[in-house]
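User: I am new to this structure and would like to be guided through it by questions and answers. Please begin with the chain as a whole and then turn to single residues.

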Amino acid sequence: MKKVLLLAIFTLASAVMYAGGYRVALQGNKSLAMGHTGVAVVNSAELVFHNPAGLVFLENKLNVSVGGFGVFSKIAYHNELTGASERTDSGVSTPIYAYASYQATDWLALGLGVYTPYGSAVKYDDDWAGSHLINNIELQAFYIQASAAIKVNEYFSFSGGFIYATGNVNFNRNLSRSLTDLEGNRSEVTIDAKGVSNTGWTVSAMFNVSEKFRLGATYRSLIRLTADEATAEFENIPNSPGTPFADTGAVAELPMPAEMTVGLSYEFCEKWLFAFDLNTTFWGEYESLDIDFENPAIPDSFNARNYKNSINARFGLQYEASDRFTLRGGYYYDQSPVQAGYFAPETPRNDSNNYTAGISFKVNDRFDIDASFLFVHSIEVDASYDYYLDGGVAAPFGGTYKTNAFVPGLGLTYKL
């Protein structure tokens, strides 16, 4: 059996994809409010994701950060030549995170986290103009990460960690642009894979140049999710002799690419903190979305993706307005990994400008309430997918895509 698979893995509770490809940039309310920076910021257990090496510099013995987000997004498609238009209806998705760190000794800290770095949820109307490519997709995946950080001295620390990734995927599309049953219902296939899992690792380091200036770096490895027991169910198949489309099994695989983040933070004017992160996601691993069925009579499906690596710059500011209130704001430019001619509607990600803001309220010495807000404004793009074959003949599908999302978030920080 060949590898089959579907598009992507994705976030807990069906979070919407944004942040290039099927990357989801919702790993903490404090960090998101500062433009999704954090690799050189020491302020909470959110460091478990951004840079575990910094856990040894937290002031408290125990730190816990938990929270979630409400994701509201819309994708609009229009083709001026054909007049076809479509707007997605993905509802509201609610990705969550939970981190905890424990200062075991003066030089050793342990961290544990559950978070959702990749994901996608897109739902078009059935039989829309691009239904031969996708009707809907729901990807659910999350990482469980355990890390240990070691302080070499007051200036330098490093960390290593183990990652367990698991998830599900459900994907539906029509079999072609024209195939129907006798009643005229479009023929379609649904592919479902559950309990897909694999492991990976992460390493990080932090260097305190001075009391006010920090440098940080984090690397997360590539993880490939392979489903050995995916299923393919066919509907509205013509009742004619020789029709090969019958329910069958499949094998599925998809890469969650490695990523490297480096950055800095600088405290100035007593109450201000500036942060900058530069993130590289190695999307070049996602070369093709290929579907092959256990039943050899069913034609294989090969779908080129050829993503490119993407580099994203992130900026954040924090201001301690009072003993109880801390204000944050940020911006990051999200570069799409999709190349010209490979713009498929299951991950219609074009370059975007992302604006963030947030606030923390100190309830007492142990509890903070954290809130954040993200507005994603994708740059309108005229794009196409040129590699779909209809009867062996290339049948490009394209149009104008607009994508916007707004994401409120709420979290809680506990220190002991």
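User: How many helices and strands does the protein chain have?
Analyst: The model is predicted. Its secondary structure in the protein chain comprises 2 helices and 25 strands.

User: Which radius of gyration does the protein chain have, and what would a compact globule have?
Analyst: The chain has 416 residues, and a compact globule with that number would have a radius of gyration near 22 Å. Along the principal axes, the C-alpha atoms fill a box of roughly 75 × 40 × 35 Å. The radius of gyration of the protein chain agrees with the globule value, being 23 Å.

User: What percentage of the residues of the protein chain count as buried?
Analyst: A residue counts as buried when its relative accessible area is under 20%. The protein chain exposes about 17100 Å², of which carbon and sulfur atoms supply 57%. Of the 416 residues, the share that counts as buried is 54%.

User: Among contacts between residues at least 6 apart in sequence, what percentage join residues at least 24 apart?
Analyst: Contact here means heavy atoms within 4.5 Å. Among the contacts in the protein chain between residues at least 6 apart in sequence, the share joining residues at least 24 apart is 71%.

User: How far apart are the mean positions of the positive and negative charges of the protein chain?
Analyst: The protein chain holds 28 positive and 44 negative charges.

User: Is Asn-135 buried or exposed?
Analyst: Asn-135 is placed in the loop between β7 (120–123) and β8 (136–151). Beyond its neighbours within four places in sequence, Asn-135 is in contact with several residues, including Trp-128, Asn-172, Arg-173 and Glu-188. Because its relative accessibility is 0%, Asn-135 counts as buried.

User: Where in the chain is His-36 placed?
Analyst: His-36 is not a glycine, although its phi is positive at about 60°. With a relative accessible area of 1%, His-36 is buried. The place of His-36 is the loop between α1 (29–33) and α2 (47–50).

User: Why does Tyr-319 count as partly exposed?
Analyst: Tyr-319 lies in strand β18, which covers residues 310–320. Partly exposed residues fall between the buried limit of under 20% and the exposed limit of over 50%. Tyr-319 therefore counts as partly exposed, with a relative accessibility of 27%.

User: How far apart in space are Tyr-319 and Leu-273, C-alpha to C-alpha?
Analyst: Leaving aside neighbours within four places in sequence, Tyr-319 is in contact with residues including Lys-271 and Trp-272. Tyr-319 and Leu-273 are 46 residues apart in sequence. Their C-alpha to C-alpha distance in space is 6.6 Å.

User: What is the relative accessible area of Ser-310?
Analyst: Ser-310 lies in strand β18. Not counting residues up to four places away in sequence, Ser-310 touches Asn-279, Thr-280, Thr-281, Trp-283 and Gln-335. Ser-310 is buried, and its relative accessible area is 1%.

Terms used: Residues numbered from 1 in each chain as written. Predicted model: local features only at pLDDT ≥ 70, side-chain atom pairs only at ≥ 80, totals over all residues. Heavy atoms only, no water. Helix = DSSP H or I, 4+ residues; strand = E, 2+ residues; numbered from the N terminus. Rg over C-alpha atoms; globule rule 2.2 N^0.38 Å. Buried < 20%, exposed > 50% of the residue type's maximum accessible area, 1.4 Å probe, protein only. Areas by Shrake-Rupley, 256 points an atom, 1.4 Å probe, with all protein chains shown as cover. Lys, Arg positive; Asp, Glu negative; His and termini not counted. Charge placed at Lys NZ, Arg CZ, Asp CG, Glu CD.
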